[in-house]
Amino acid sequence: MSMYDLTTHQTNGYIDLRSDTVTQPTESMRKAMYEAELGDDVYGEDPTVNRLQELSAQKLGKEAGLLVLSGTMGNLVCLLTHCGRGDEAIMGNRAHTFSSEQGAASGLGGIHPHTLPNQPDGTLDLRQIEAAIRGDNEHYPRTKLICIENTQNSTGGRVLSPAYMSAVGQIAKQHQISVHVDGARIFNAAVALGMDASALAADADSLTFCLSKGLACPLGSVVVGDEDFVHEARRNRKILGGGMRQAGIFAAAGIVALNEMVERLDDDHRNAKTLAEGLSVIPGMTIDPSIVETNIVYFELTAPKFTPGAFAARMKERGVLFSAGAARRIRLVTHYGIELHHITHTLRAFSQVLGEAA
Ligand SMILES: Cc1ncc(COP(=O)(O)O)c(C=O)c1O
């Protein structure tokens with residue numbers, strides 16, 4: 001039994017707000033994994049993987065799907081499929097593909113990132129996208145791709161609307177280039193908008209979504225696109241060492257996730273909002289709760305008494321975990337296993353610790 005009476009899907013005894021990646025698989029996922037029918041997926045013979053890929057494609061309105069090990073692998077497989085060496089991919093300066101994947105697209109693929117500033121709402125300015133697309137000139141790299149992240153993590157889990165996604169798609173079409181969506185949390189965006197995720201993927205040539213974040217699977221992401229794209233993406237997965245054998249053992253959890261875990265993301269969004277509103281009246285930090293649309297909350301630690309690290313250590317003593325580096329802008333993420341009473345406890349702990357600083 002944990003010190004804060006967390007449910008069994010939270011194992012470390014803390015109210016762990018570091019990320020939605022800490023979620024544990026549900027009972028029905030564990031049962032499905034135990035019972036999964038398996039085969040060799042490099043031969044295309046794992047029936048559970050095949051079912052997950054078909055279900056993923058169907059949910060996103062695409063022809064085909066490809067199971068990969070992580071969001072990073074999914075994004076890289078897609079970028080390698082869209083772009084050759086020296087080709088350029090337009091992406092946000094706060095995009096995960098740019099800032100948090102070790103520069104894999106350039107490091108491994110020779111792909112040249114052309115960054116544009118993410119706006120506070122997570123979007124890239126459409127005029128700036130258009131202006132960034134290169135003309136045909138032997139001095140320039142060739143622009144092949146626009147990469148969009150929805151929800152946009154580092155601007156606060158911001159939701160990009162279907163109208164915006166479609167406007168990006170229009171620009172890409174006009175210039176005969178492609179769109180990749182890093183949809184690690186595309187189902188959070190869809191639930192926040194009250195629409196099917198396929199509406200957000202309609203203008204994308206490829207999309208990666210993660211099973212192992214709010215959907216609570218132990219691992220895995222899925223790439224979706226048309227048959228030809230996925231055929232090529234499968235080759236790139238293999239060259240990265242991502243050809244798997246009896247992968248149905250975890251694909252089974254993914255099927256449960258898509259069928260049972262999407263609607264409940266709304267609870268995470270509600271808890272994030274409650275958390276943000278509660279934080280907004282605590283002295284020693286600043287936060288704008290009106291921009292919290294999904295499960296990610298950022299606040300600025302203004303209390304001069306604490307460094308972010310010291311503050312995180314004091315909160316940990318009170319049973320609340322979050323990541324803190326040098327920056328005073330700190331992220332909290334709600335997820336499966338975090339319930340309203342954990343939010344109440346967290347707010348009380350924040351008040352107490354920052355009260356000491358007053
Ligand atoms: C927006 C976004 N894209 C991609 C990833 C990469 O996912 P993974 O950790 O599975 O490689 C993350 C991980 O947090 C993310 O937030």
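Predicted model: local features only at pLDDT ≥ 70, side-chain atom pairs only at ≥ 80, totals over all residues.
Colleague: What makes a radius of gyration of 21 Å agree with a compact globule?

Modeller: Set the value against the rule. The rule is 2.2 Å times the number of residues to the power 0.38. For 358 residues, that puts a compact globule near 21 Å. The chain has 21 Å, so the two agree. Along the principal axes, the C-alpha atoms fill a box of roughly 60 × 50 × 35 Å.

Colleague: What makes a residue count as buried, and what percentage of the chain is buried?

Modeller: A buried residue has 20 or more other C-beta atoms within 10 Å of its own. Buried residues are 49% of the 358 in the chain.

Colleague: How do you know which contacts join residues at least 24 apart, and what percentage do they make up?

Modeller: A contact needs C-beta atoms within 7 Å. Take the contacts between residues at least 6 apart in sequence: 72% of them join residues at least 24 apart.

Colleague: Which domains does the assignment give?

Modeller: Domain 1 covers 15–24 + 263–357, and domain 2 covers 27–260. Their centres, over C-alpha atoms, are 28 Å apart.

Colleague: How do you know that domain 1 and domain 2 are in contact?

Modeller: 18 residues of domain 1 contact 16 residues of domain 2. On the domain 1 side, helix H12 (265–279) and strand S10 (296–301) each give two or more residues. H12 gives the most, with four. That side divides into six nonpolar, seven polar and five charged residues.

Definitions and conventions: Residues numbered from 1 in each chain as written. Buried ≥ 20, exposed ≤ 12 C-beta atoms within 10 Å, placed from the backbone. Contact = placed C-beta atoms within 7 Å. Domains from an automatic or database assignment. Nonpolar A, V, L, I, M, F, W, Y, C, P; charged D, E, K, R; others polar.
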